Amino acid sequence: MKMNFKNRDIVSIKDFSKTDITAILNYAKHMIPYAKGEKQIDILKKYILSSLFFEPSTRTRLSFESAMNRLGGRVIGFADPSATSQKKGESLADTIRMADAYSDIIVIRHPQEGAARLAAEFAEVPIINAGDGAGQHPTQCLLDLFTILTEKKRIEKNHIVLLGDLKYGRTVHSLAYALSLFGAELTFVSPESLKMPKEVINECKEFGVEPNSTVNLDKAIIDADVLYVTRIQKERFPDAEEYNRVVGTYKVDNELLKQAKKDLIIMHPLPRVTEIDPEVDATHHALYFKQAFNGIPIRMALLSLVLEGRKL
Ligand code: NCD
């Protein structure tokens with residue numbers, strides 16, 4: 001298959017066709033032994049990655065950096081913008097111009113929706129969006145799809161329940177789109193005030209998917225194949241009282257799981273706060289830590305496709 005990823009910006013999952021996504025997922029499978037360090041390769045040794053995190057991150061930043069290192073590349077960057085000239089009032093555009101001059105690819109996470117798109121306008125080198133406010137999180141979406149495909153052998157025809165903060169959660173905005181592209185069956189479960197935005201629901205409908213929306217998790221879980229749990233995105237609430245009203249609405253615990261299918265898998269982009277009881281970790285349903293590992297082979301696949309334009 002002809003791969004055409006070289007120098008592409010990865011800003012939104014909507015930038016990819018189904019064929020693109022399938023190619024990345026297939027390639028990521030071959031990256032697993034390299035991601036685990038069982039095999040070695042240095043195809044990216046001539047490249048430097050800028051890792052620009054304007055918002056907190058554990059998995060996304062560390063797995064991008066690990067992926068780049070595993071492929072022989074090097075990483076510069078920051079995890080705290082207050083230690084950069086942003087603190088002196090430098091604009092995002094100027095910070096991006098500098099990373100553009102100092103490296104070959106830029107990974108950016110920023111609290112403002114649209115920040116990665118803006119960065120792509122100021123940089124010659126490819127930009128990868130590692131999360132822009134409540135907007136998109138395309139690489140998380142790819143690793144989520146990879147996890148579903150690996151565990152369920154297909155993406156389509158699964159009943160997938162997206163739970164929690166569907167209004168501000170960027171991971172579910174990307175994922176609802178991609179799952180619809182593949183023809184999964186979708187149920188959205190959230191408090192009334194945190195429902196999936198209309199634009200995202202309309203995108204799903206364009207692919208012929210009619211998502212159900214409900215506040216009732218007990219019912220939705222009964223015939224779910226995948227339960228994708230999200231954290232209430234406290235930092236995006238304009239009003240702390242509004243957050244206090246919804247925090248703790250849902251809790252996934254062993255009692256709830258008695259009603260679930262035996263082969264239900266539970267996913268979460270992490271970090272979790274209170275929405276999954278740690279007692280669930282020991283059940284065969286819990287997939288979230290394996291899901292987090294999958295960030296490495298997916299990001300290795302993407303970095304090598306965007307920088308080298310080819311597979312191993
Ligand atoms: C998510 C994010 O940053 O959007 N985390 C991640 O990248 N794995 C989810 C979250 O912060 O709740």
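This is a predicted model: local features need pLDDT of at least 70, side-chain atom pairs count only at pLDDT 80 or more; totals for chains, interfaces and linings use all residues.
Pro271 belongs to the loop that runs between strand E9 (265-267) and helix H11 (288-293).

The protein chain is divided into two domains, with domain 1 comprising 13-136 + 295-308 and domain 2 comprising 138-292. A distance of 25 Å separates the C-alpha centres of domain 1 and domain 2. Contact between the domains involves 32 residues of domain 1 and 25 residues of domain 2. The size of an interface is often given as the accessible area lost when the parts come together. For domain 1 and domain 2 the buried area amounts to about 2400 Å², with carbon and sulfur atoms giving 66% of this area. On the side of domain 1, Ile13, Leu25 and Arg59 together supply 26% of the area buried against domain 2, which is more than any other three residues.

Polar and charged pairs also span this interface. Between domain 1 and domain 2 there are 3 salt bridges, and 10 residue pairs are in polar contact across the interface. In the salt bridge formed by Glu55 and Arg236, the closest N and O atoms are 2.8 Å apart. The side of domain 1 that touches domain 2 draws at least two residues from each of helix H1 (18-35), helix H2 (59-70), strand E3 (105-110), strand E4 (127-132) and helix H12 (295-308). Of these elements, H1 provides the largest share, with 8 residues. By residue class, the side of domain 1 that touches domain 2 consists of 15 nonpolar, 9 polar and 8 charged residues.

Asn7, which is located in the segment before H1, has a phi near 65°, a positive value in a residue other than glycine. Lys157, likewise not a glycine, has a positive phi of about 65°, and the position of Lys157 is in the loop between helix H5 (138-152) and strand E5 (159-163).

Conventions:
Residues are numbered from 1 along each chain as its sequence is written. Side-chain values use heavy atoms; hydrogens and water are left out. Domain bounds come from an automatic or database domain assignment. Contact means heavy atoms within 4.5 Å. Buried area is the accessible area (1.4 Å probe) that two parts lose on being put together, summed over both. A salt bridge is a side-chain nitrogen of Lys or Arg within 4 Å of a carboxyl oxygen of Asp or Glu. A polar contact is a pair of N or O atoms within 3.5 Å; within protein, one must be able to donate a hydrogen and the other to accept it, and residues adjacent in sequence count only if both atoms are side-chain atoms. Helices (H or I, at least four residues) and strands (E, at least two) are DSSP runs, numbered from the N terminus. Ala, Val, Leu, Ile, Met, Phe, Trp, Tyr, Cys and Pro count as nonpolar, Asp, Glu, Lys and Arg as charged, and the others, Gly among them, as polar.
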